[in-house]
Amino acid sequence: MIGLGQILGRTSVKGVSLGSSGVVFIALLAGHFGFQVSSEVGMVGVVLFIYCLGIGAGPSFLQMFVSRGKTLMLLTVVMMSVTAAVAWGLARIFQLSPDLASGLFAGALTSTPALAAATEKLPVGSDVAVGFGIAYPFGVIGVILFIQLLPRWFPEMAAATGASGYDLRGEILRELVEVTNPSLNGKHLRDVTVLARMNCQVSRIIRDGQLQPIPAGFQLEVGQQLLIIGRTGQIETVIETLGVRSSEAQCILDVEHQRRLIVVSSKKMVGRTLKDLHLLSRFGVTIARITRQDIEFVPGANETIHFDDILRSVGEPESLDAFADYAGHRARTAEETDLVVLAGGLIAGMVLGKLSLSLGSFSLSLGMAGGPLLAGLILGHFGQFGRLSIRMPRAGRLLLADLGLSLFLAQAGSQAGDQFVAVVQQKGWSLCAVAIILVVVPLLTGLVAARYWLKLDLLEMAGGFCGAMTSTPGLGAVTSAVDSSIPATSYATVYPVALVLVTLLTPLLISLIS
């Protein structure tokens, strides 16, 4: 069931795919024919999935409250709150059960954490996966269509950001450029403002027929051959400023020794910008790309470094060694997971989930979704306690999260499958109407808030909407069509906030409807 679901999830139609959520649709079909997965398996999946999300989001979550992401977080709070309020109102109007309403809420947001929180809160055999399965396609398609319509609604903003019609490709490219501009003689790279403005990096120079890392104290001269990294639409401007594309034959590139992926864990770097760190002058190292929240982008000079950022660093072997020590990178711990620490974190999350707070007749607990999420956020934020490293390597974290999600979706879908056809036959059209409203209303509310209250530009809005709706397919549609990394960084900024909010709002919604 998981295997077929993953195959379905990887099937792409015009660039849109279901991802791991494909498992729930295969599971619904399997459940219809009587196949069941035990609730214990689903609970194991929930704990693993949610805890890994918390570990991944923890390093950047609290930083958002003191960084440039404040306005984007306000947008997330507005959109999430409106979605929950609309779900509550529609449940009253259409006489929906708490399980169907919460499933529609999770599906409209394409949020598997919300589905996990609802399933954990509701009894076994509920229709939460039915609602999720109905609303999910509307959530995926609705966000993509909405994002595509933005530049048509605001052509003046689109023109100002260079995103008119989203008709530009946004691939990260490497171009070899010959410096021909005489006004650049003797200048340092930090003095060439177009590099920062276009989010491009100069990572190497040709010397003795080979591409070599940019040395500390480097100065530009006419005739130099430089390797530029940037996105299409931006890199062309840099080339025009520096000179022309080089006709130099392909050079020998010592990739293994002059490039390294370095994971940031040092407090000396976290929270500071690349401009403040002066990595080129201090270490002779250039940061060509950054991977954050599974999104890769070319950083600008004002990009703030987050804990657990993966930096694609270029420099001489000695320089890279010195920089790796400064960044807190340790080769072995960057690739291995301490199973004792992992087990301790999971146990702490389950203990937190079991705790409850009673206020009269009302009892509140985090559950097996909220508890592991909170534990993961706290542990992920601190990263290290003395000599004990909490972090998990990205590959291990993604594997456990995907495994946990697949187990949970298999269980949730199979449990709901035997009722899926009956529920759709009884309330099919009304459920589709509710799903459409749950997608459209928060997007329109977010548009008004972003445009007239928070004053966000078009690309920030696009990334913010995708993050607030936890829509990775929507982000994929934007980043494949624009020439800027702003949508990706905006998405990475609000996504951890959206994860926390949706996990907290889902149990609250169920309690209010019950």
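Leaving aside its neighbours within four places in sequence, which residues is Phe408 in contact with? The legends below take up that question and a few others.

This is a predicted model, in which local features need pLDDT of at least 70 and side-chain atom pairs count only at pLDDT 80 or more, while totals for chains, interfaces and linings use all residues. Residues are numbered from 1 along each chain as its sequence is written, and side-chain values use heavy atoms, with hydrogens and water left out.

**View 1. The whole chain, to get your bearings.** You will find 20 helices and 13 strands here; helices (H or I, at least four residues) and strands (E, at least two) are DSSP runs, numbered from the N terminus. Of the 514 residues in the chain, 55% are buried. Buried means under 20% relative accessible area, exposed means over 50%, and partly exposed lies in between (1.4 Å probe, protein chains only). The chain exposes about 21,800 Å², and carbon and sulfur atoms supply 61% of that area; accessible areas come from the Shrake-Rupley method with a 1.4 Å probe, and for residues only the protein chains shown count as cover. Among contacts with a separation of 6 or more, 81% join residues 24 or more positions apart, where contact means heavy atoms within 4.5 Å.

**View 2. Phe408 and the nonpolar cores.** Here is the reply to the opening question: beyond its neighbours within four places in sequence, Phe408 is in contact with Gly42, Gly45, Val46, Thr112, Leu115, Ala116 and Thr119. Phe408 is one of the residues with the most contacts inside the largest nonpolar core, along with Leu104, Phe105, Leu150, Leu438, Leu443 and Phe465. That core has 93 residues, and helix α17 (residues 394-453) gives the most to it, with 15 residues. Apart from it lies another core, of 20 residues, including Val177, Leu189, Ile228 and Ile235. A nonpolar core is a set of buried Ala, Val, Leu, Ile, Met, Phe, Trp, Tyr and Cys residues joined through side-chain atoms within 4.5 Å.

View 3. In helix α1 (residues 2-10), the buried residues are Gly5, Gln6 and Gly9. Seen down the axis of α1, they fall within an arc of 100°, so they line one face of the helix; the arc is that of the directions from the helix axis to the C-beta atoms. Exposed Leu4 and Ile7 sit on the face of α1 turned away from its buried side. Now look across to Ile26, found in helix α2. Leaving aside neighbours within four places in sequence, Ile26 is in contact with Met1, Leu4, Gly5 and Leu8. Helix α2 (residues 22-32) has buried residues of its own, among them Val23, Val24, Ala27 and Leu28. After α2 comes Gly34, with a positive phi near 95°.

View 4. Strand β2 (residues 201-207) pairs with strand β3 (residues 210-213) in the antiparallel sense over four bridges; two strands pair if DSSP finds at least two bridges between them. Arg207 stands opposite Gln210 in β3. Two residues lie between the strands of this hairpin, and Asp208 in the turn has a positive phi of about 55°.

**View 5. Two salt bridges.** How many salt bridges does the structure hold? There are two, a salt bridge being a side-chain nitrogen of Lys or Arg within 4 Å of a carboxyl oxygen of Asp or Glu. In one, the side chains of Arg245 and Glu175 meet at 3.3 Å, N to O. This pair links distant parts of the chain, with Arg245 in strand β5 (residues 243-245) and Glu175 in strand β1 (residues 172-179), 70 residues apart. Arg245 is partly exposed at 45% relative accessible area, whereas Glu175 is buried at 18%. Arg260 forms a salt bridge with Asp321, and their closest N and O atoms are 2.9 Å apart. Here Arg260 belongs to strand β6 (residues 259-263) and Asp321 to helix α14 (residues 317-327), 61 residues apart.

**View 6. Ser313 in its strand.** Ser313 has its place in strand β9 (residues 310-314) and is buried, with a relative accessible area of 0%. Its contacts beyond four places in sequence include Arg260, Ile262, Val285, Ile287, Leu320 and Phe323.
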